[in-house]
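Hello,

Here is the structure we talked about handing over. Please look through it first, and then read the notes below.

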Amino acid sequence: MPSLVVHYALVGLLAATLLGAAFDKRSLLLSLVVVTIPDVDAFIALFSTAGHRTATTNLVIPALAAVVLVVDLYVREESYIRTQWGTYGVRVAWFCVFIYAVAHVLLDAVGGGANLLWPLHDQFYQIRGRLELSTQRGIVQTFVEMSPPASGGDGGGGGGVPTLRSIGNTSEVQMSTGIDPNPGEAEQPEVVDRVFPVARGGWQLYLLVVGTLATAARFVVGHDLPEE
């Protein structure tokens with residue numbers, strides 16, 4: 001599962017490449033706050049089954065935020081965001097909606113699973129699949145194949161691992177966190193090992209390093225550019 005600092009690194013990388021002229025300390029700080037919000041459900045898990053990777057780690061929240069933005073920007077006669085912050089505010093607002101969904105919710109779905117459509121649909125999903133070029137079978141992909149895997153493996157012929165693999169609902173899946181290491185257990189052990197991950201796996205360490213360096217480089221390069 002991606003740690004919060006890995007989410008931060010991805011946000012920094014996306015901010016450095018997508019925000020353009022709106023990239024500054026203020027927009028970056030706001031982006032980091034927004035991408036932290038989904039992990040609030042780690043605390044909700046202490047007293048609710050709709051806990052970690054469910055209550056706030058879903059696509060319904062950014063979808064509702066997008067609707068609010070559309071209404072403010074394109075339906076109201078006078079946009080609050082445009083009036084207060086201009087084009088800068090519009091770009092940052094859309095970026096925050098984007099990273100909530102992409103840099104946290106969907107990254108969690110790739111790295112272990114998330115209850116993507118809660119509360120509309122109570123089911124944890126993992127995003128899995130593969131794409132390869134075979135000299136015997138041509139292009140082999142399982143990202144749009146929703147049939148169950150063929151017996152004896154994930155196979156390149158009929159079947160394959162589906163893009164969204166269901167792994168259970170909130171009554172069946174409880175995600176362990178450093179805040180709640182043993183979710184769903186009435187009696188907790190006397191000695192609890194609370195683990196707060198930084199990087200679990202090479203790809204997470206790679207993303208952490210590259211994202212951090214890219215964010216820092218964006219500040220350096222941005223300040224070094226000559227004024228036109």
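**Salt bridges**

The side chains of Arg76 and Asp72 meet in a salt bridge, with 2.9 Å from N to O. The model is a predicted one. Within this pair, Asp72 is buried because its relative accessible area is 8%, under the 20% cut-off. Arg76 has 45% relative accessibility and counts as partly exposed.

The structure holds four salt bridges. Another one joins the side chains of Arg53 and Asp108, at 3.4 Å from N to O. This pair links distant parts of the chain: Arg53 sits in the loop between helix H3 (41-44) and helix H4 (60-75), Asp108 sits in helix H5, and the two are 55 residues apart. Arg53 is buried, with a relative accessible area of 1%, and Asp108 is buried with a value of 1% as well.

Arg137 and Glu132 also meet through their side chains, at 3.8 Å from N to O. Arg137 counts as partly exposed at 48% relative accessibility, and Glu132 is partly exposed at 32%. Arg130 joins Glu132 and Arg137 in a network of salt bridges. As background, side chains of opposite charge can pair when their charged atoms come close.

**The chain as a whole**

The chain has six helices and four strands. From the N terminus, the order is α-α-α-α-α-β-β-β-β-α. Of the 228 residues, 40% are buried. The accessible surface comes to about 13100 Å², and 63% of that belongs to carbon and sulfur atoms. Among contacts between residues at least 6 apart in sequence, 60% join residues at least 24 apart.

**Helices H2 and H5**

Two packed helices are described by the angle between their axes and the distance between the axes. For helix H2 (residues 25-36) and H5, the axes come within 9 Å and cross at roughly 35 degrees. The crossing is right-handed. Residues of H2 that meet H5 include Leu30, Val34 and Val35, and those on the H5 side include Val92, Phe95 and Ile99. By class, this contact has ten nonpolar, three polar and one charged residues.

**Leu107**

Helix H5 (residues 80-110) also holds Leu107. Is Leu107 buried or exposed? Leu107 counts as buried, because its relative accessibility is 10% and the cut-off for buried is under 20%. Leaving aside neighbours within four places in sequence, Leu107 is in contact with Pro2, Val6, His7, Leu10, Val102 and Trp203. His7 is 100 residues away from Leu107 along the chain, yet their C-alpha atoms are separated by 8.0 Å.

Regards

How values were computed:
Residues numbered from 1 in each chain as written. Predicted model: local features only at pLDDT ≥ 70, side-chain atom pairs only at ≥ 80, totals over all residues. Heavy atoms only, no water. Buried < 20%, exposed > 50% of the residue type's maximum accessible area, 1.4 Å probe, protein only. Contact = heavy atoms within 4.5 Å. Areas by Shrake-Rupley, 256 points an atom, 1.4 Å probe, with all protein chains shown as cover. Axes fitted to C-alpha atoms, helices over the stretch in contact; angles between N-to-C directions. Left-handed = near helix turned anticlockwise from the far one by under 90°. Nonpolar A, V, L, I, M, F, W, Y, C, P; charged D, E, K, R; others polar.
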